[in-house]
Amino acid sequence: MPDPHLHPQKHAARPDWNLIERKWRQVWDEQKSFESNLDSAKQKYLVTVAYPYPNSPQHIGHGRTYTLADVHARYKRMRGYNVLFPMGFHYTGTPILAMSRRLVSGDKDLYNAFRNVYGVPTEVIESFNEPVNIARFFHQEIKQGMKEMGFSIDWRREFTTIDEAFSKFISWQFNLLKRKGLIIQGSHPVGWCPRDQNPVSQHDTLGDIEPNFIEYTLIKFKLADTYVLPVATLRPETVYGVTNLWVNPHVRYVAARVDEGDNPMWIISRDAVMKLKHQGHKVDIDHEIDGMKLVGEYASNPITQNKLPIYPASFVDPKDGSGLVMSVPAHAPYDFQALLDFTNGNTSKELHDYSVVKPITIIESEGYEGDNIVPSRIIIERLGVKDQHDPLLEKATTELYSHEFYKGRLKENTGKYAGMTVAEAKDLIRSELLQNGIGEILYEFVKKPVKCRCGEECVVKVLSDQWFLNYNDVQWKDLAHECITRMDIVPDEIRSEFNYVVDWLKERACARKSGLGTRLPWDQDWIIESLSDSVIYTAYYIISRYIHFNEDSYITAQNLSESFFNYVLLGEGSLKEVSEETKLSEELILNMRTEFMYFYPVDTRHSGRDLVPNHLTFFVFNHVAIFDRAYWPRQIVVNGSVLMDGKKMSKSFGNIIPLRQAVRDHSADSIRVALLSSAELLQDTDFSFEALRGIRSRLDDIYQMGIHLSNSNDNIQASLEQLYHAQSVTESEDKWLLSMIQRRIGDATELMDRLRVREVLHTILYTMEQDLQWYNKRVKSKGRTELLVNTILSMFLETRIKLLAPFAPFLATEVWNSILKETTEIRANLDWPSVSEEYINSAAEESEDLIKNLIQDIQNILKVTRMKPSRINIYTSAKWKWKVYQRILELIIVNRNSSLSDVMKALGDDSEISRARSDVKLIKKIMEDVVSIPAERRSLKLNIKFLSELLAIEDAAPLISSELGNVNIEISVFSEDEENVKKNDPQSRARLSRPFKPALYLS
Ligand SMILES: [Zn+2]
């Protein structure tokens, strides 16, 4: 066994990160650093993240969510929590099946991606004809990658979703949901792959598109007595305002008998035939009809009996709805614009008798009232829409639709619906149409096309006798809302999206005929699908370590019964009976129950933003259905995805970088930091190698600083605290850096608590770097070399690596253990630093700020005047001005808007400061100074009372001259109060000085 306490090569040019990573991974393993057990003395924190689907290796894009979860876990651990961060592997479902099938059928792209991008050996790829081999192989790949990334996972709890014991757990979950009436059998629409003959969800589609669909009403317009022309609409109430129909003259339609009976035949597109068939209709095509043939015919409105001309329009897409469109120009901006374009002749000359069609306004709403008002025209003119290809039309449509839906009332010309709100009338009209056989329902995907991973275009299918989770249940929705309201959601702006999804979710097919997974306990023909068996598995982590495949595992799937889960997870039943039934000892079962009560609920759940409309919301739904409120999840954290040089990562773009390869080439810590430092949580982060190299070199510098400090002196661990209390810390920059360290700790802690990781990293890597550079400059300009400097630098470095430890655990652990603290006891987990109030020194902070500002002021003057001075006189303000300053500061803290006369009054009769009243210009300037100070710093300045600017500037004079690029500049500082100031003030500048704003004379 190699010595884990291997010392770094103290003169190495660049650290060998892979070596350091291996060393610490081994220490973490040996010390079991991430194995968490019940510890009632400590508060627990359960961190979970959506487990991976092992159908391909992890690439950099997958790294973000897991890294963030790990950073969260490590931070909480450093704060003293007993953190449990477990991981499992999701084998369930069809993607693995689809991938295996693609390989078997000779898909070269996929083969090459495995072979060349991920370097999978040929013989391994050959074994992938057996789907589970794909999962087993990539499972190990991903797990190894997670270890190499330094994720602090308790691997004892690992499982896969096809483990027998896990299946027992899922059977229990499904039986329970069925008993609660939340699983129903019925006919409902689902996204469907016609080739696989299986429902599809986001997991099954190319590009991970959620197959959401929406319900249209098909309204059947009559054409003579022999045909109907069905038209799909989301606004059935506008049937009263139809003026004409649109047909595509270049499309061959069909006349078909739909469902039974002697009903007139439907004229629809061939695409519509397929849709109707999938949605439970019986469709027999009788003959074809050219679109052109329909042009010029008249249909009749089934409600108003109006005669409606049929016009040609090439914008009508046979794939949308029925392939025919109804025109409601008064309320549909698209229709109005189309008519307008035809008359203006700028699209087509197909239309001759447009002039007979007049918009029929049927809805009145605020802003759209009056006899001759056409709402579409108004909004089109207001937005300045140019033609029917103008993207503004979409805006016009959405705006008018929602305005009329919420504020509109139906007009006189709508019969019995006159006077109703649109929201009321919409559903009533729809029901009337459906009841009278004038309307039918048609489902369409919200975003088209949706493609299955097998390449086939998906459809909406109405499945009968299928098993559904009834997410449409109102009481269930209420509980889900309650959970979301009680929960912390990070970032909070995404909360409304969760509530929206809860409202919007309908019945969801929860079982499939093919794929890997658990069979429905009461109907063995069905396999529970992947987004339904992954909703409460976070509870399974608590027991999985007892069922695990290591040597101390002694529970097998055969021991697990429904009553076992009822007892351990719900606290129901009798321990004695469960023990008898399962043949497990009472003690063991009780341990699991106690551990569950200790570790549950989930304290935080991490996932990508794409899982909000499905997994994360299902996670909430199922928890509220199964567990008591005390065990509902407490927090959800959502993050955006990863782009590579501005582009979405995809195999076809060739920009996929396997995670393990990236770790080997660039170090785990740099990748972890790069994934989290460039974007806010919800934003997509843009990963670039240039940024990665920049980060790596910053981390290398931090490491080098440690090496440098440990080489420079062996006594560095002299107790700083003792020095401080002995008041041997006297130099301004020392006091300042010690104070700044506390400020940075305070800032970083506050930011970490809200997981604002980008800002935390900015503070640690950039702001603290500036602190360090300033300190070094100050020290260098004074020629200081004593031990105290290195002691303070060590304290700075120690704080910095501790703040960095959640993000760059290898660097932090290495620097702390092997460089800064050469003790025999290895600390695998560092503590998060806390603010030491005694080091906070506002005066030192102000004093260094004064110097920084002064240097900048002089540099500005030199730039503007192009002077090359040989001497600079600096005048600090008189004591009485400080009193004036204090008085004004007090006033402004109480009332930011204090006026000049308030100030005059406040200066009062004090003889020393009332003299200021004669200098209104000075007072106004001081007021400006004070108002421009950030509010949180005003009281700090007030507490300081008086700053000896003269001493501060004299102390920094060497730095000032070196910063001005001329060490020979003669710098003299005078107080306005001094006797001899007049002799040294040829231009009477001293009187212009103000507190924190010394006056200058350059020559
Ligand atoms: Zn398919």
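How many helices and strands does the secondary structure of the chain come to? The count is 35 helices and 30 strands, where helices (H or I, at least four residues) and strands (E, at least two) are DSSP runs numbered from the N terminus. This is a predicted model, so local features need pLDDT of at least 70 and side-chain atom pairs count only at pLDDT 80 or more, while totals for chains, interfaces and linings use all residues. Residues are numbered from 1 along each chain as its sequence is written, and side-chain values use heavy atoms, with hydrogens and water left out.

**View 1. The whole chain, for orientation.** Along its principal axes, the C-alpha trace spans about 115 × 80 × 55 Å. Of the 1003 residues in the chain, 56% are buried. Here buried means under 20% relative accessible area, exposed means over 50%, and partly exposed is in between (1.4 Å probe, protein chains only).

View 2. Searching the whole structure turns up 0 disulfides, a disulfide being a pair of cysteine sulfur atoms within 2.5 Å. Take Cys458: the closest cysteine sulfur sits in Cys452, 5.1 Å away, which is too far for a bond. Cys458 is buried, at 5% relative accessible area. Cys193 is buried too, with a relative accessibility of 0%.

View 3. The Glu288 pair links distant parts of the chain: Glu288 belongs to strand S10 (residues 283-290) and Arg252 to strand S8 (residues 252-258), 36 residues apart. Glu288 is partly exposed at 35%, and Arg252 is partly exposed at 46%.

**View 4. Arg512 and Glu529, a buried pair.** Their side chains meet in a salt bridge at 3.5 Å, N to O. Arg512 is in strand S20 (residues 511-512) and Glu529 in the loop between strand S22 (523-528) and helix H16 (537-544), so the bridge ties together parts 17 residues apart in sequence. Both Arg512 and Glu529 are buried.

View 5. Asp603 is buried at 7% relative accessible area, whereas Arg634 is partly exposed at 44%.

View 6. Ile214, Leu234 and Val446 make a nonpolar surface patch of about 220 Å². Patches use residues with over 30% relative accessible area and no salt bridge, joining like charges within 9 Å and nonpolar side chains (Val, Leu, Ile, Met, Phe, Trp, Tyr) within 5 Å. The areas come from the Shrake-Rupley method with a 1.4 Å probe, and for residues only the protein chains shown count as cover. Leu234 is in the loop between strand S6 (227-233) and strand S7 (244-247), and is partly exposed at 33% relative accessibility.

Terms used. Salt bridge = Lys/Arg side-chain N within 4 Å of Asp/Glu carboxyl O.
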